[in-house]
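Try each task before you read its solution.

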Amino acid sequence: MKQSAKGTGIWSVLAIPIMLWTAVPLLWMLSLSLKSADMLADPDASVLGNFWPKDPTLENYKLIFSGGASDLFMPALRNSLIVCLLATLISVVLAMFCAYAISRLEFKGKKMILVTALAVSFFPVVAMVTPLFEIWSKTGLFDTIPGLVIPYLALTLPLSIWTMSAFFQQIPWEMEQAAQVDGASSWQAFRKVIIPLAAPGVFTTAIITFFIAWNDFVFAISLTSDRARTVPAALAFFTGASQFEQPTGAIMAAAVVVTIPVVILVLVFQRRIVAGLTSGAVKG
Amino acid sequence: MSASTPTQERAKGAKARLSDRSRSEQRLGWKLAMPAFVVMVLVTGYPILQAVWNSFFAYRLTDPDNRHFVGLNNYLVSLTDQVFWSAMWMTILVTVITVVVELVLGFIIALTMHRIVMPRRTLRTLVLIPYSIITVVSGFTWLYAFSTGTGFVNQWIQWMPGIDASYNWFGGFWSSLFVISLSEIWKTTPFMSLLLLAGLAQVDTSMEEAAKVDGASWLQTLIKVILPSMKAAVMVALLFRTLDAFRIFDNIFIMTGGANDTSSLSMLIYRQTIDRTEIGLGSALSVILFLCVLVIAAVFVKAFKVDLAEGRG
């Protein structure tokens with residue numbers, strides 16, 4: 001008993017630097033977004049060694065939502081949401097069929113599909129950009145929503161298939177047959193028994209898929225110019241009101257705005273995300 | 001692959017004569033798996049074939065009529081260019097630095113998350129947050145933190161006696177590399193930690209107890225019992241992170257834009273293709289990067305098979 005109590009103490013102490021290491025950059029993001037252009041240039045306007053603003057202001061948030069930067073940020077936010085939701089939806093549906101077949105049915109080529117998924121996930125994304133850029137320029141897919149959704153499928157399908165297969169393999173499929181013996185039709189058995197068991201896995205996969213698409217930068221800057229530009233690309237090409245004005249505050253305000261929903265998702269579904277990220281990879 | 005007894009029996013039966021049931025199962029299986037398979041092959045397979053094809057041509061997108069076959073010339077031009085080797089050097093350095101630091105740091109964090117009792121949930125949640133942040137955002141955050149004037153890092157360093165507080169972190173190769181690596185490490189260590197944590201959960205606790213009873217020290221238990229049984233998890237984590245780090249792009253694009261020789265291979269491909277529309281040269285570089293990734297994957301997969309065989313024996 002004594003020994004375990006002592007061990008606990010050591011690990012709790014070790015948790016402090018880990019938490020600081022994680023939290024300081026997050027607080028710094030928030031701090032920058034609350035600094036006006038004048039405060040940014042003046043260390044005396046901040047406390048804790050230029051870390052936190054003495055007089056926090058919401059100026060930057062006004063700028064991106066209704067001010068000069070809103071023309072750039074709002075369409076990008078809309079594009080990001082549409083592209084990522086569409087890619088997630090299509091990817092999860094296709095991966096669901098595929099994972100069901102892999103974990104439930106016996107057929108030749110099963111292994112080939114899993115190996116293909118692995119090979120695709122190893123593929124360097126930038127190597128795809130050159131040919132896609134060329135084809136997209138010729139076919140008019142350049143700078144359109146589908147022009148981003150299609151490459152995002154390649155980005156997200158492998159992980160979706162692996163993760164969902166791992167989840168589906170844990171489902172006791174015999175229960176479906178047991179329900180059928182008890183007089184349920186096969187569709188009823190599937191709907192009442194399997195779907196509720198599979199839903200958490202599907203949902204988790206959807207969250208992880210969305211993260212991946214939301215994070216993409218390479219496709220976003222290569223395959224769009226302004227109409228279909230998503231948030232990460234818009235942030236990178238964001239310039240200030242004048243050539244000499246650094247848009248630091250506005251960029252960080254936009255960064256905070258796109259980070260908060262994701263952080264909330266992580267807070268709410270923490271356990272499931274961890275299960276999803278690790279089940280596919282470690283057992284695979 | 002999980003080979004259950006009914007499956008094996010069915011396989012035996014199939015050899016004699018495919019029953020109607022298994023034949024329809026075969027068809028259904030393919031029908032369901034087909035769409036995902038086709039999308040993966042079309043969206044990635046076609047571009048790589050196209051890239052290989054284009055790599056043999058002198059071809060600029062802005063001058064499509066002037067397209068002509070040049071054989072291996074694009075490869076020759078790329079491989080003899082000093083810029084290519086500096087990008088290769090940068091890519092290898094970033095990969096080795098980030099993966100090694102992430103492995104050590106990730107393991108410490110994973111052990112802490114595994115053993116800790118008190119702020120367990122808070123720690124797990126907090127650790128997951130950097131991983132869910134957009135790389136571009138974390139890139140900007142670290143860029144501004146180290147910037148002269150706006151940043152806090154130089155101010156904090158100044159608190160230590162005798163150190164210059166206006167150090168220009170983005171003025172040279174090594175300090176730029178340091179900040180780029182730091183941002184990459186901050187963002188992806190959680191991924192490493194989670195995979196290692198899953199590995200730790202699979203370690204047989206009775207073995208640990210037995211080692212303790214036999215008088216093994218904590219460090220001995222770690223090296224002799226815990227680490228060997230985590231081998232698979234460590235390999236998977238290393239493979240995914242190495243391949244990922246080798247394709248580094250976002251952080252460099254945001255922080256230095258490739259200044260001071262900090263361009264990675266991916267950055268170089270982007271510059272050739274998108275900025276300069278040199279499709280031929282960019283394609284040759286893409287094929288080279290693809291081959292590098294294949295070699296890294298092959299080395300790991302080979303190490304994997306050995307591991308799997310040992311595990312079964």
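**Exercise 1.** Take the contacts in chain A between residues at least 6 apart in sequence, and state what share joins residues at least 24 apart.

*Solution.* This is a predicted model. Start with the contacts in chain A between residues at least 6 apart in sequence. Of these, 71% link residues at least 24 apart.

**Exercise 2.** Describe the make-up of chain A by its helices and strands.

*Solution.* Count first: chain A holds 12 helices and 2 strands. Then read the order from the N terminus: α-α-β-β-α-α-α-α-α-α-α-α-α-α.

**Exercise 3.** Compare the radius of gyration of chain A with that of a compact globule of 284 residues.

*Solution.* A compact globule of 284 residues would come near 19 Å. Chain A has 24 Å. Next, take the box along the principal axes: the C-alpha atoms fill roughly 75 × 70 × 35 Å. Now turn to burial: 55% of the 284 residues count as buried. Last, the accessible surface is about 12400 Å², and carbon and sulfur atoms account for 68% of it.

**Exercise 4.** Decide how helices α4 and α10 of chain B are oriented to each other.

*Solution.* Locate the helices: α4 of chain B covers residues 82-115, and α10 of chain B covers residues 218-229. They pack at an angle of about 100°, with axes 15 Å apart. Angles of 65 to 115 degrees count as roughly perpendicular. Therefore α4(B) and α10(B) are roughly perpendicular to each other. From α4(B), the contact uses B:Phe107, B:Leu111 and B:Arg115. From α10(B) come B:Trp218, B:Leu222, B:Ile226 and B:Leu227. By class, this contact has 6 nonpolar residues, 1 charged and no polar.

Key. Residues are numbered from 1 along each chain as its sequence is written. Chains are lettered from A and ligands numbered from 1 in the order in which they are written. This is a predicted model: local features need pLDDT of at least 70, side-chain atom pairs count only at pLDDT 80 or more; totals for chains, interfaces and linings use all residues. Side-chain values use heavy atoms; hydrogens and water are left out. Axes are lines fitted to C-alpha atoms, for helices over the stretch in contact, and angles run from 0 to 180 degrees between N-to-C directions. Helices (H or I, at least four residues) and strands (E, at least two) are DSSP runs, numbered from the N terminus. Angles under 35 degrees count as roughly parallel, over 145 as roughly antiparallel, 65 to 115 as roughly perpendicular and the rest as oblique. Contact means heavy atoms within 4.5 Å. Ala, Val, Leu, Ile, Met, Phe, Trp, Tyr, Cys and Pro count as nonpolar, Asp, Glu, Lys and Arg as charged, and the others, Gly among them, as polar. The radius of gyration is taken over C-alpha atoms; the globule rule is 2.2 Å times the number of residues to the power 0.38. Buried means under 20% relative accessible area, exposed over 50%, partly exposed in between (1.4 Å probe, protein chains only). Accessible areas come from the Shrake-Rupley method with a 1.4 Å probe; for residues, only the protein chains shown count as cover.
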